[in-house]
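Reader: I have the sequence and the model open. Take me through it in short questions and answers, please.

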Amino acid sequence: MNTSLSTTPLDAWHRSAGAKMVPFAGYEMPIQYSSIVTEHQACRTSAALFDVSHMGRIRFDGDGSEQLLDHLLTRRVSDLPIGGVRYGLMCNAEGGVLDDVLVSHLKTPSDRRFHLLVVNASNHQKIVDWITPHLPDFPTVTMSDRTELTAMIAVQGPKAIDVCKKLFSFDPSRLKYYQATITDQFKKPAIVSRTGYTGEDGFELIVRAEEANRIWENIMLAGRDEGFAAAGLGARDTLRMEAGMPLYGHELNESIDPISAGLSFACSFKDRSFVGDDALRAVKAAGPKQVRVGMIPEGKRPAREGCDVLDADGNKIGYVTSGGPSPTLGHPIVMAYVDAEFADAKQFQIDIRGKTVVANATPLPFYKRPNKV
């Protein structure tokens, strides 16, 4: 065992449940418990619990927090109300994506306001290091890394809210999508946000590290008769692919800008400036050179990351960033970048290990949940 790997507060639970553990972003994480398809289907039909404690949680206190984050993020933060959550990106000066993040504006029971940034595990230290040199320009702001002190649990699926609302002092069904609140779970503090990374309704929960096992087991017990299941990274990936959600290191990296990634909605340009905004304004004005698209390959053979995308004459025009079978739809799906001139093409070819497969263009996302909130 690689002793340099970190573990989450739920590590012992995963092992006792027979999870297959793998290295991921510096942590030992469960990739699956039973099967990826079973866990995927539990999320689509009932609810699944994901340990996402490996993700970074960075807190900002003090006057000026809004201005600091407004300066660093593509999405406006200065007008984010208490209880609001926004998806945004942090870019370098060239407009490349350093990370995609969630920022929340919260208030404690004692009326103390703060902002919370949730970042990808693989970028955690990079983002802390990126923010640190900006802090002297905002001397009233204090940044604290809360990752090791807390755990983070995602409960996703059509039954997640109704089954779990009895477990908290605040009914999470009262939250609108992308809202959050501080409440308690059996008198222990918890941040509950109506957010997720699966395409389903549900919530994400941040609790004290020492309370993680108790709360995880409470939720599993509450959903036992409704088909709740623990789910690992494997199902989390197939779910987010179906939902057309980008994953850092695949659809996003420091050489890809948010406009090309189809994330213009997360870039607020009017009456503000932020790191990378000049580069992004230029891309927006000229149009991106490549764009992110969805495809459905014909047949059952899945295309994987790195496969070449070809035009009708066999010329390379792009590459696959994510691909695999869709348990919900019953056929392979693909996200890829293609040259912008082919953005509206109806059909492509994909080179899958030397064999050319026809792939038909399809809008993203591949899957939309019924009765979306």
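Reader: Which helix holds both Arg 15 and Asp 11?
Author: This is a predicted model. In it, Arg 15 and Asp 11 sit four residues apart, about one turn of the helix. They form a salt bridge, with the closest N and O atoms 2.8 Å apart. The helix that holds both is α1, residues 11-16.

Reader: Is Asp 11 buried or exposed?
Author: The cut-off for buried is under 20% relative accessible area. Arg 15, at 34%, is partly exposed. Asp 11 has 13% relative accessibility, so Asp 11 counts as buried.

Reader: Which residues are linked with Arg 15 in a network of salt bridges?
Author: Side chains of opposite charge can pair when their charged atoms come close. Arg 15 bridges to Asp 11. The network also takes in a glutamate. The residues linked with Arg 15 are Asp 11 and Glu 28.

Reader: How many salt bridges does the structure hold?
Author: One of them joins the side chains of Arg 59 and Asp 61, at 2.8 Å from N to O. Arg 59 is buried, with a relative accessible area of 16%. Asp 61 is buried too, at 9%. The number of salt bridges in the structure is 20.

Reader: What is the relative accessibility of Arg 281?
Author: Asp 277 and Arg 281 both lie in helix α8 (residues 277-286), four residues apart. Their salt bridge has its closest N and O atoms 3.5 Å apart. Asp 277 is buried, with a relative accessible area of 9%. Arg 281 counts as partly exposed, at 32%.

Reader: Why is strand β6 largely enclosed by the rest of the structure?
Author: β6 spans residues 97-107. Residues under 20% relative accessible area count as buried. The strand is largely enclosed because the buried residues number 10 of the 11.

Reader: Which residue in β6 stands opposite Met 90?
Author: Strand β5 (residues 85-91) runs antiparallel to β6, and seven bridges join them. The two form a hairpin with five residues between them. In that turn, Gly 95 has a positive phi of about 90°. The residue opposite Met 90 is Asp 99.

Reader: What is the bridge partner of Leu 102 in β7?
Author: β6 and strand β7 (residues 113-119) pair in the antiparallel sense over six bridges. They form a hairpin with five residues between them, and Asp 111 in the turn has a positive phi of about 70°. The β7 partner of Leu 102 is Val 118.

Reader: Which residues of helix α2 are buried?
Author: Helix α2 covers residues 36-45. Its buried residues are covered by elements including β2 (27-32), β3 (48-51), β9 (150-156), β13 (229-230) and α7 (233-242). The buried residues are Glu 39, His 40, Ala 42, Cys 43 and Arg 44.

Reader: What is the handedness of the crossing of α2 and α7?
Author: Their axes come within 8 Å and cross at roughly 55°. That angle makes α2 oblique to α7. The crossing is right-handed.

Reader: Which residues in α7 do the α2 residues meet?
Author: Helix α7 is among the elements covering the buried residues of α2. From α2, the residues at this contact are Ile 36, Glu 39, His 40, Cys 43 and Arg 44. In α7 they meet Gly 234, Ala 235, Thr 238, Leu 239 and Glu 242.

Note on methods. Residues are numbered from 1 along each chain as its sequence is written. This is a predicted model: local features need pLDDT of at least 70, side-chain atom pairs count only at pLDDT 80 or more; totals for chains, interfaces and linings use all residues. Side-chain values use heavy atoms; hydrogens and water are left out. Buried means under 20% relative accessible area, exposed over 50%, partly exposed in between (1.4 Å probe, protein chains only). Two strands pair if DSSP finds at least two bridges between them. A salt bridge is a side-chain nitrogen of Lys or Arg within 4 Å of a carboxyl oxygen of Asp or Glu. Contact means heavy atoms within 4.5 Å. Axes are lines fitted to C-alpha atoms, for helices over the stretch in contact, and angles run from 0 to 180 degrees between N-to-C directions. Angles under 35 degrees count as roughly parallel, over 145 as roughly antiparallel, 65 to 115 as roughly perpendicular and the rest as oblique. A crossing is left-handed if the near helix is turned anticlockwise from the far one by less than a right angle, and right-handed if clockwise.
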